[in-house]
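Me: I would like to go through this model in questions and answers. Please start from the structure itself.

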Amino acid sequence: MPYLLRKGVLFVVTLWAAITLNFILPRLMPGSPEDAALGKLASAGVPITNAERHAVEIQLGVPHTNVFTQYWDYLKNIVQFKFGHSYSFPSETVAHTIGKALPWTLVLVGATTVFAFVVGTLLGVFAGWRRGKAADTTVTLGATFFAAFPPFWLGLLLLYFLAYKNGWFPIKGGYAEGATPNWSPSFLADAFKHSVLPALTLAVTTLSGWVFGMRNNMINTLGEDYVTFAEANGLRTRTVALLYAARNALLPNVTAFGLSLGAVVGGSVLVEGVFSYPGLGNLLYIAVTNHDFPLMQALFLVITVSMLVAIFVVDLLYARLDPRVRRA
Amino acid sequence: MVLLDARGVNVVYEPARGQRIWSVRDVDIALEQGEFVGLVGESGSGKTTLGFALTRMLRPPARLEGGEIHFDGVDISSLDGEQLRAQRRNGFALVLQSGMNALNPVRTVERHFGDIMRAHARPGEDGSRAQIRRRGAELLASVQLDADVLSRFAHELSGGMRQRVSIALVLSLDPRLIIFDEPTTALDVIVQRAVMQTIKDLQREKGFTALLISHDLGVVLDATDRVMVMYAGRIVEDQPSADLLRGPHHPYTEGLLSSYADPRADEVELGGIPGVPPDLSLAPAGCSFAPRCPLVEPICHEVDPPLTPLGAGSAACHVRASEVVAHAR
Amino acid sequence: MTIITAVPPPEAPGALADVPIRPSRVPGPLLFVGRAVRTLWSNSKARIGIVLLGVIALIAIFAPLIAPHSPTATTFTPYLNPTGQNWFGTTGNGQDVFSQMVYGARVSLLVGLAAGILATVVAVTIGLIAGYRPGVIDEVLSFVTNLTLVIPGIPLMIILAAYIQSRSIWTIVLVVAFTSWATGARVIRSQATTLRTREFVTSAVFSGERLFRIVFREILPNMTSLVAASFFSAATAAVMAEASLEFLGLGSPDTVSWGTILYAAQQQNALLTGQWLLILAPGLAIALLATSFTLINFGVDALSNPRLREK
């Protein structure tokens with residue numbers, strides 16, 4: 001299985017590179033972020049024990065020590081999820097804060113991405129199949145227009161018109177203020193209502209990429225000999241469109257899917273910020289506004305690693321879809 | 001019995017930007033049942049376009065303009081949709097250029113058979129997986145392929161094998177007419193010979209009418225009963241294959257034959273044809289071959305020569321036609 | 001032994017007389033640009049994009065003539081809805097929003113184009129080097145490209161901008177370019193790899209052309225539409241990225257751009273004051289600018305892929 005092996009190795013190496021990049025960045029900064037961080041932590045009321053100081057220094061830079069020992073300690077900490085404390089949320093560890101936010105983002109981003117991918121791909125197939133006709137032009141122009149919407153702008157608009165003015169949807173948060181997350185149906189329903197606007201914003205802005213990609217792929221695929229041959233052999237239109245054209249046109253889109261996750265995650269940062277939705281994006285927003293380096297660092301790491309894992313999964317899926325990539 | 005009777009076939013390419021090009025001009029073709037006919041011409045002569053026109057596979061910006069195509073008495077030039085699709089079973093079929101890309105990369109050969117059989121299934125016919133496998137294996141055997149090819153993907157097969165699979169797939173339609181468009185052009189010479197032999201054997205065995213389109217006169221003369229020569233969208237000569245080799249009538253055909261060299265001869269003269277093929281966006285005045293013809297006369301620039309009986313078949317040449325008349329006197 | 005003598009064909013008797021070919025008087029590059037613009041113009045989507053971009057560019061260039069007031073002067077009553085004097089109303093600091101919108105065009109356009117050009121230059125350089133020279137260099141460059149691709153752009157930009165303390169427009173341009181070169185590099189690399197093995201390159205190599213000449217005279221001209229498409233994609237991304245960074249408060253405090261208007265609106269609770277125009281206008285402007293780049297890109301796509309051309 002050289003393909004899978006290759007992708008596995010790539011995954012591991014890229015993972016290592018991302019982790020290392022995360023280590024290097026704060027150390028490249030002018031000034032000493034670790035002092036700034038310690039200062040802020042102290043003023044936020046976090047006790048600066050030796051362990052605490054050590055944790056911050058490992059993350060952000062230890063003065064006068066060998067960089068390789070730091071690196072080793074850094075790696076050890078990562079594996080144990082020891083990210084220290086953040087000064088935006090001084091009462092809990094960074095790991096804990098992130099842990100609370102992670103599921104919200106996973107659900108929002110995960111569900112939205114899958115939805116946008118499926119709908120976008122179908123629209124792309126439709127537009128490509130009926131290329132040049134009214135249906136195609138409508139879909140293409142519509143997608144172009146929506147693609148240009150900055151995600152946070154669409155979010156603000158929806159927030160204003162559907163939440164503030166008309167009260168159809170809640171104004172902020174992932175759930176009603178004061179409620180504690182639990183698995184009860186009423187909470188879940190409430191959470192769902194809170195997620196509609198952010199999800200809609202994300203979905204609309206990421207949909208267009210799929211539509212275009214798929215439409216272009218369809219147009220190229222429709223010119224292939226095997227589509228002509230299938231038509232010449234009298235296969236039904238639906239069979240040709242779906243099993244011969246779309247099925248092949250899909251492949252480049254799947255490859256692109258993994259890479260586009262970066263854009264979705266990026267978009268979610270902005271959207272969550274606008275809606276104060278309690279996910280990772282919102283945390284990053286808070287971290288940036290507060291110059292909260294420990295939190296920023298840890299978030300960056302978590303986000304990047306999640307992306308790499310997702311891409312790896314997509315690579316595995318691709319092998320399932322394209323037999324040319326599997327070797328006997 | 002005439003199986004395919006096409007008259008006055010014209011095909012025009014109309015791109016949104018640019019000029020109209022008439023790639024097939026006023027062509028008449030009649031194919032008898034069981035005949036093996038060849039259609040020869042250089043690139044751009046319109047032969048592939050004609051093949052596509054006859055099987056109703058033209059796509060925009062190409063268009064069939066005027067003319068009638070009768071298949072077994074049915075006018076297929078006006079059929080569409082379901083009716084046209086139905087004609088492809090036990091009707092006319094098309095094998096594409098060298099099958100290199102004719103197979104869906106993500107489906108196995110077995111699934112290809114299944115798709116075709118299901119698309120044309122009639123009530124009462126067994127469409128089970130086992131039946132598909134059985135029929136598939138049978139058809140593969142008829143093109144000298146092993147049954148285990150059924151589970152392969154296109155990229156796991158060589159060019160020659162892919163072409164044979166294409167032929168087998170087409171045979172599953174039980175066609176009465178098969179048009180082969182350059183079936184061996186992209187294959188190397190040895191494989192070419194083998195595949196052509198298979199095609200010849202199949203045609204003899206099953207008795208379907210075959211139209212072999214190619215630029216390779218040698219291949220065509222070897223396999224076919226009758227040959228039509230095409231130039232600038234028109235049929236310029238139509239002879240039994242054996243007669244064409246011995247004595248062509250149209251100057252273009254002569255030129256084609258003189259472009260071949262016998263590898264065993266001691267000395268060889270390569271003739272060739274001077275000039276270039278005409279611009280098909282311009283309406284022809286007179287014979288399209290006139291600018292390059294060694295026998296050209298004034299009338300050739302004015303009147304387009306019709307196909308007149310010459311030898312055992314026909315040819316479109318003023319000069320040769322008048323020679324016959326002169327002889328007859 | 002077979003002797004082949006090619007008998008020269010007799011002069012074609014019916015052939016037309018030779019038509020002399022006159023060389024064109026217009027210089028090469030100009031002809032090329034002219035032809036490119038004309039082809040783009042013929043694509044209906046690209047035409048809309050060109051017009052849109054032109055309008056925005058004109059607004060940016062003639063901003064001092066169009067804007068009735070200074071964008072930064074805090075002379076007006078704050079939180080006003082549209083009035084005769086302030087067509088779009090005022091910000092929480094008493095600034096005229098309409099003038100801000102007009103001057104804002106300059107920044108958004110400038111950053112979009114500058115970051116786009118920078119990203120494209122980097123992408124072309126890396127892509128060409130990686131594509132043309134297989135081996136270690138290619139492996140390393142490809143790896144770096146893939147790494148940059150994989151790391152999510154906006155979080156990376158945010159982190160970089162937060163770490164870099166200075167807050168100037170050029171920081172934004174650099175940060176944006178740094179995160180958007182990778183897509184173009186990948187595409188260009190794969191095209192360079194394909195072209196590398198084509199005959200015209202091989203013949204150039206054999207005739208002793210130097211590497212530099214081969215890359216710039218043989219390969220690059222065959223990739224112009226790819227480079228152009230890359231540029232327009234990068235510019236689109238840059239416009240959005242700049243707006244996002246400004247919106248998050250990571251932009252320069254002195255600049256007025258469409259993104260900063262949105263940032264101010266958010267900070268000053270335009271939603272509560274009911275000044276939805278402060279949200280609609282800048283966002284719409286950003287969307288239109290990005291759309292214009294994308295539309296032009298449609299034309300570029302059609303240039304390079306005849307199948308996509310309008311039939």
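Reply: Two strands count as paired if DSSP finds at least two bridges between them. The model is predicted. With that cut-off, β10 (226–231) and β11 (234–240) of chain B pair in the antiparallel sense over six bridges.

Me: Which residue of β11(B) stands opposite B:Met228?
Reply: Strands β10(B) and β11(B) are joined by six bridges and run antiparallel. Opposite B:Met228, the residue in β11(B) is B:Asp238.

Me: Which residue in the turn between β10(B) and β11(B) has a positive phi?
Reply: The two strands form a hairpin, with two residues between them. A positive phi of about 50 degrees is found in the turn at B:Ala232.

Me: Is β11(B) largely enclosed or left open by the rest of the structure?
Reply: A residue is buried if 20 or more other C-beta atoms lie within 10 Å of its own. Six of the seven residues of β11(B) are buried, so the strand is largely enclosed.

Me: Which residue of β14(B) stands opposite B:Asp238?
Reply: β11(B) and β14(B) run antiparallel and are joined by two bridges. In β14(B), the residue opposite B:Asp238 is B:Ser314.

Me: What is the bridge partner of B:Pro309 in β14(B)?
Reply: Strand β14 of chain B covers residues 313–315 and pairs with β13(B) in the antiparallel sense, over three bridges. For B:Pro309 the bridge partner in β14(B) is B:Ser314.

Me: Which strands stand at the edges of the open sheet of chain B?
Reply: The sheet has eight strands in the order β7-β8-β9-β3-β10-β11-β14-β13, with mixed pairing. Two of these strands each have a single partner, so one side of each is left without a neighbour in the sheet. They are β7 (92–95) and β13 (308–310) of chain B.

Me: By how many degrees are neighbouring strands of this sheet turned against each other on average?
Reply: The figure refers to the open sheet of eight strands in chain B. Direction is ignored, and the average is 25 degrees.

Me: How many residues of α1(B) are buried?
Reply: Helix α1 of chain B spans residues 47–54 and is mostly covered. Its buried residues include B:Lys47, B:Leu50 and B:Phe52.

Me: Which residue with a positive phi follows α1(B)?
Reply: The phi in question is near 55 degrees. The residue is B:Arg56.

Me: How many helices does chain A have?
Reply: Chain A has zero strands. Of its 328 residues, 45% count as buried. The number of helices is twelve.

Me: Are α10(A) and α6(C) parallel or oblique to each other?
Reply: Helix α10 (237–275) of chain A packs on helix α6 (153–163) of chain C at about 55 degrees, with the axes 6 Å apart. Angles of 65 to 115 degrees count as roughly perpendicular and those under 35 as roughly parallel. The two helices are therefore oblique.

Me: How many residues of the contact of α10(A) with α6(C) are nonpolar?
Reply: Among the residues that make the contact are A:Val265 and A:Val269 of α10(A), and C:Ile154 and C:Pro155 of α6(C). Three are polar and none is charged, while the nonpolar ones number five.

Me: Which element gives the largest share of the side of chain C that touches chain A?
Reply: In total, 36 residues of chain C are in contact with 44 of chain A. By class, the side of chain C has 26 nonpolar, eight polar and two charged residues. The largest share, nine residues, comes from α13(C).

Technical notes: Residues are numbered from 1 along each chain as its sequence is written. Chains are lettered from A and ligands numbered from 1 in the order in which they are written. This is a predicted model: local features need pLDDT of at least 70, side-chain atom pairs count only at pLDDT 80 or more; totals for chains, interfaces and linings use all residues. Helices (H or I, at least four residues) and strands (E, at least two) are DSSP runs, numbered from the N terminus. A residue is buried if 20 or more other C-beta atoms lie within 10 Å of its own, exposed if 12 or fewer, and partly exposed in between; C-beta atoms are placed from the backbone. Axes are lines fitted to C-alpha atoms, for helices over the stretch in contact, and angles run from 0 to 180 degrees between N-to-C directions. Angles under 35 degrees count as roughly parallel, over 145 as roughly antiparallel, 65 to 115 as roughly perpendicular and the rest as oblique. Two residues are in contact if their C-beta atoms, placed from the backbone, lie within 7 Å. Ala, Val, Leu, Ile, Met, Phe, Trp, Tyr, Cys and Pro count as nonpolar, Asp, Glu, Lys and Arg as charged, and the others, Gly among them, as polar.
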